[in-house]
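Q: I would like to go through this model with you, one topic at a time. Could you take a look?

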Amino acid sequence: MAALHLEKVTKVYRKGDNEVRALDGVDLDIEAGEFLTVVGPSGSGKTTLLNILGCLDSPTEGRMVYDGKELRALGERSLSAYRRERISFVFQSYNLIPVLTVRENVELPLLIERALADGEIRARSSEMIAAVGLAGKEDRYPRELSGGQEQRVAIARALVKRPLVVLADEPSANLDSRTAEEVVELMRSINAERGTTFVFSTHDRLVMEHARRIVTIRDGRVTGDERK
Amino acid sequence: MGTLWKIAFRNTIRHKRRTIITAVVMMAGISIFIVFDSMLAGMDRMAVDNMSDYSLSSLKLRTPAYVDDISATPLDKSLPDPSGALAALAAKGITGTPRLRFVASVSNYKDVFPVIADGVDPASDPKVFKVSSALASGSWLGPETPKAVVMGAVLAQELGLKVGDSVLVSAQTVDDVTNADEYLVAGLVQTPDPTVNEGGLFMAIDEARSLLSAPAGFATEIDAALPRAGSLNAAIAQGDRTAASLKTLLPGLRLDPIGYLAQGYLSVRETKSKYSFVLILIVLFIAGVGIVNTILMSVYSRIREIGVLRAYGMTPREISRLFTLEGLALGLFGSVLGVVLGALFDLYMVVKGISIEAFSSAMGSLPLGGVIYGVWNPGTMAFGFLFGLIVALVASRIPARQAAKLEPTSALRFQ
């Protein structure tokens, strides 16, 4: 079975008497090590799909099987635990914790997870900071970094716990084209070297060019699934 | 927990202005409480010491019948064997002095004032009371000034008397006959106890016995001095202990320690303590509102951050703990500053004291005057510190719960 398996996933939001069907019977299999982009117009359901893939939101109907584990029936506590251990995020606005240094931001997921000893946490964070090209900047605070550097820290933070999948919502939207290219290249190389699964939602043509699979979504339905 | 503390602590430092404002309010509340409590304790100590020194003594020996009928100052219920009682006290190493209290009228030959007069032993009375050392003018009683009285300065002023003038003192004798005699005003006393200044009339005990036609050795009470204790509570405990230990040696007598004699004042003291507690409650409530506001601002300015922490698997309980810790860090700042500032002020009051001469008229009938010294009380400081932390903890719970309720998806979308 695929690493991430969605089966007839539907998400309905209710606003007063109105019902909004953000996802409508989505079937999607994502294999380990994929570099996948979800594209579609605004309001098509990209962010909802990413939220459900990231266990930030639960589907109204349908099945989710991650790494052979049925997630549909899990409560909030178990979903938090699952996110803590297996899922990472890269956000459009980086969302680093401003009062923590580069190293502390990168170590944060491991400190929340509390599964590793201090020495191992430090070794992992050093490795990831070096991997994203920020060695020597461990003690800087986010305000002392450029946008591109902040996004690199966010990538290191996402990868440090060796997740099942990294979900990236418009990761290049706030970056200039050169920096965006560098950041996407970085994720692509990490995907190639480490086999980490990446799922993006994006409008950025550059990200789409690097993707090996493009899933198109419209009105909450998967309308295209192109593999390169 | 270490990471949560780190984030919480650094956030309080990061938002300096709101941290300082909240901490200053807490600091003010706690330091005012410490200083206020110290000053009240100092006032209590001074009041009870002054009552011991100028009017009540540390331990009073009277007959039970005399105390039962105290409002009449009954001469027929006097001590059966004053010299025996004094000897019993002396055997225990306690200094005592006899007094003869009686209702009298004092007149300048125009106006008449009723007073409670005291016949005192001019030699031993100064070993128990400090009235003789509070002379505003003239001299204390002694063999060189026969048929003399010492009066409270305010009473003398009311009667237009000064040292060297004559007064007429009249009283009911032990045989219930009115007697009067003329005395020279030898001295005027101005003590910290207003009851002495306004109504004190002292004459040698032999002169009083003569005026009242009382036999030699006649006395209504014996007053005893006890060593100065380190605190008011210790002084009260010492009085109680001594009274209990003397009970078997002096059968048939009442031994009333200062804790009993000053009970009217001491009951007011408990009310004052409650007022002081209400004061800190009000100030810390204001500080609590400040903390709620500060943490709420912190929550609203960090909604996306909460979303990230939730996305990375932090549970609502941990999010709540994060903001509670932030409130606690604020409370810690405020409480530490409050205790330090309060302790510094308190130290000044303990060492230098505060003069209340300028407010003496406002003190009314309270036996206070001169310089009030604070009382160093680590218990009050510890209470203020802990209370500040508890207020911070309780106040931060409201915004912490709000933060915990945020859904990760809406928190991440927040602009």
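Q: Why is strand β3 of chain A largely enclosed by the rest of the structure?
A: This is a predicted model. Strand β3(A) covers residues 35–39, and five of the five are buried, so the strand is largely enclosed.

Q: Which residues point which way from β3(A)?
A: Phe35(A), Thr37(A) and Val39(A) point one way, while Leu36(A) and Val38(A) point the other way.

Q: Changing topic: which residues touch the most other members of the largest nonpolar core?
A: That core has 183 residues, and those touching the most other members include Ala156(A), Leu167(A) and Val199(A), as well as Met203(B). Helix α2 of chain B, residues 16–56, gives the most to this core, with 17 residues.

Q: What is Ala156(A) in contact with, leaving aside neighbours within four places in sequence?
A: Its contacts are Val106(A), Met128(A), Ile129(A), Ala131(A) and Val132(A).

Q: How many residues do the two chains bring into contact?
A: On chain B, 15 residues are in contact with 19 residues of chain A. The largest share of the chain B side, five residues, comes from α1(B).

Q: What classes are those chain B residues?
A: Six are nonpolar, five polar and four charged.

Note on methods
Residues numbered from 1 in each chain as written. Chains lettered and ligands numbered in written order. Predicted model: local features only at pLDDT ≥ 70, side-chain atom pairs only at ≥ 80, totals over all residues. Core = buried A, V, L, I, M, F, W, Y, C linked by C-beta atoms within 7 Å. Buried ≥ 20, exposed ≤ 12 C-beta atoms within 10 Å, placed from the backbone. Helix = DSSP H or I, 4+ residues; strand = E, 2+ residues; numbered from the N terminus. Contact = placed C-beta atoms within 7 Å. Nonpolar A, V, L, I, M, F, W, Y, C, P; charged D, E, K, R; others polar.
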